[in-house]
Amino acid sequence: MSVQAHAIAPAMSSHRTYSRVFTPGKLTFGFIMPLETYPNSPFPTLIDHQRLAKAADDAGFSAMWMRDVPFYDPNFGDTGQMLDPLVYLGFLAAHTRNIALGTAGIVLPLREPVILAKQAASVDVLTSGRLILGLSSGDRAVEYPAFGADFANRAERFREATGLLKTLTQESFPLVDTRYYGNLSGNIDLVPKLHSRRLPMIVVGRARQDLSWNAQNTDGWMGHLSDFSRLHLLLDEWRRAGEGLGFKPYAYGSFFDLAENPDAPLRFIGNRFTAGRNALINLWTQQQEQGVNHVALNLKPSRRPAEEIMQELAEFVLPQFRNQ
């Protein structure tokens, strides 16, 4: 049979980690790695990073998200955490206990999906189900020649690879016939089997797909910072795309700078936003009511130390959302 992206179950309420990050009517918070502020360099130092990851876990943040940036492109000037996302989250798993370990997102057209399925299943087993696999189509055309990959057909390969990932992690001895990847004849089986019943997969960005496809074939959507005044329109569009499919969470990630003045107003500076904690509480209370389920903060442009920012958010912001 031709591999197809599977329709998903209405919800993943039984998945402990997924429910920790995504709950209807609730807003949770996490970080896009690394846990470091480095506004004047594309390269993080990763100094003390495992201790800070443990501190984020102990403070009650819900997720840490690893980006997939294989090369340094001076035109982008951003290398993410530099380390391979699957290797890095495996390392961080040994230094944390409860926090979700996510990817935001794996550039799927540049990955061999059979190997990725085995890596993801291995992480799922070793972390007792703490992995949330975020997938993207990639936006850095300059990287594609290094992989011998076609930038023009990444949308088609994203769809097929998503279906193949689901087949490999959900079925035993599958029969698979793909156009862009390999074939399986039902005589071999991918191991290990998941710790969880199913591996949560979310789309990061739009992956060059329409929202209906994303809603039908993934477990949620992580967008990027957009015009907050139009966020309710985007959320309405997402809800319509997922109508009848059960809970489909929405998250967004953004570069972020926490102002030292707790009463500083919300401001947008290029591709990031800054505010004092009181404005943030008001903003995120409104966004929770609108239907945002998770916010992933990237501390790269901040000038205050990451640990100081985490401590302030944990003391003054997180408690405002725990019991709502």
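**Exercise 1. In which handedness of crossing does α9 pass α10?**

Before we start, a word on the model: it is predicted, local features need pLDDT of at least 70, side-chain atom pairs count only at pLDDT 80 or more, and totals for chains, interfaces and linings use all residues. Residues are numbered from 1 along each chain as its sequence is written, and side-chain values use heavy atoms, with hydrogens and water left out.

*Solution.* 
- Step 1: find the elements. Helices (H or I, at least four residues) and strands (E, at least two) are DSSP runs numbered from the N terminus. Helix α10 covers residues 306–317, and α9 covers 277–290.
- Step 2: describe the pair. Two packed helices are described by the angle between their axes and the distance between the axes. Axes are lines fitted to C-alpha atoms, for helices over the stretch in contact, and angles run from 0 to 180 degrees between N-to-C directions. Here the axes come within 11 Å and cross at roughly 60°.
- Step 3: classify the angle. Under 35 degrees counts as roughly parallel, over 145 as roughly antiparallel, 65 to 115 as roughly perpendicular and the rest as oblique. α9 and α10 are therefore oblique to each other.
- Step 4: settle the hand. A crossing is left-handed if the near helix is turned anticlockwise from the far one by less than a right angle, and right-handed if clockwise. α9 passes α10 in a right-handed crossing.
- Step 5: look at the residues in contact (heavy atoms within 4.5 Å). From α9 come R277, L280, I281 and W284, which meet E312, L313, F316 and V317 of α10. This contact has 6 nonpolar, no polar and 2 charged residues. For these classes, Ala, Val, Leu, Ile, Met, Phe, Trp, Tyr, Cys and Pro count as nonpolar, Asp, Glu, Lys and Arg as charged, and the others, Gly among them, as polar.

**Exercise 2. Describe how α4 packs with α6.**

*Solution.* 
- Step 1: take the geometry. Helix α4 (residues 113–126) and helix α6 (residues 154–170) have axes 9 Å apart, at an angle of about 45°. Because of that angle, α4 is oblique to α6.
- Step 2: The crossing in which α4 passes α6 is right-handed.
- Step 3: list the partners. P113, V114, L116 and A117 of α4 make the contact with A161, L164, L165, L168 and T169 of α6. By class, these residues divide into 8 nonpolar, 1 polar and no charged.

**Exercise 3. Trace the polar contacts that the S62 side chain makes with H294 and T28.**

*Solution.* 
- Step 1: place the residues. S62 sits in the loop between α2 (49–59) and β2 (63–66), and H294 belongs to strand β13 (residues 294–298).
- Step 2: check burial (buried means under 20% relative accessible area, exposed over 50%, partly exposed in between, with a 1.4 Å probe and protein chains only). S62 is buried at 4% relative accessibility, and H294 is buried at 0% relative accessible area.
- Step 3: find the pairs. A polar contact is a pair of N or O atoms within 3.5 Å; within protein, one must be able to donate a hydrogen and the other to accept it, and residues adjacent in sequence count only if both atoms are side-chain atoms. The side chains of H294 and S62 make such a contact at 3.5 Å, and those of S62 and T28 are joined at 3.4 Å.
- Step 4: widen the view. Beyond four places in sequence, S62 is in contact with R20, V21, T28, F29, I99, A100 and H294.

**Exercise 4. Inspect the backbone at P34, G105, L46 and A207.**

*Solution.* 
- Step 1: check the peptide bonds. The bond from M33 to P34 is cis, with omega near 10°, and P34 lies in the loop between β1 (28–32) and α2. The bond from A104 to G105 is also cis, with omega near -15°; G105 lies in the loop between β3 (100–103) and β4 (106–107).
- Step 2: check phi. L46 is not a glycine, yet its phi is positive, about 60°. A207, likewise a residue other than glycine, has phi near 55°.
- Step 3: L46 is in the loop between β1 and α2 and is buried, at 15% relative accessible area. A207 is in the loop between β8 (201–204) and α7 (211–217) and counts as buried at 4%.
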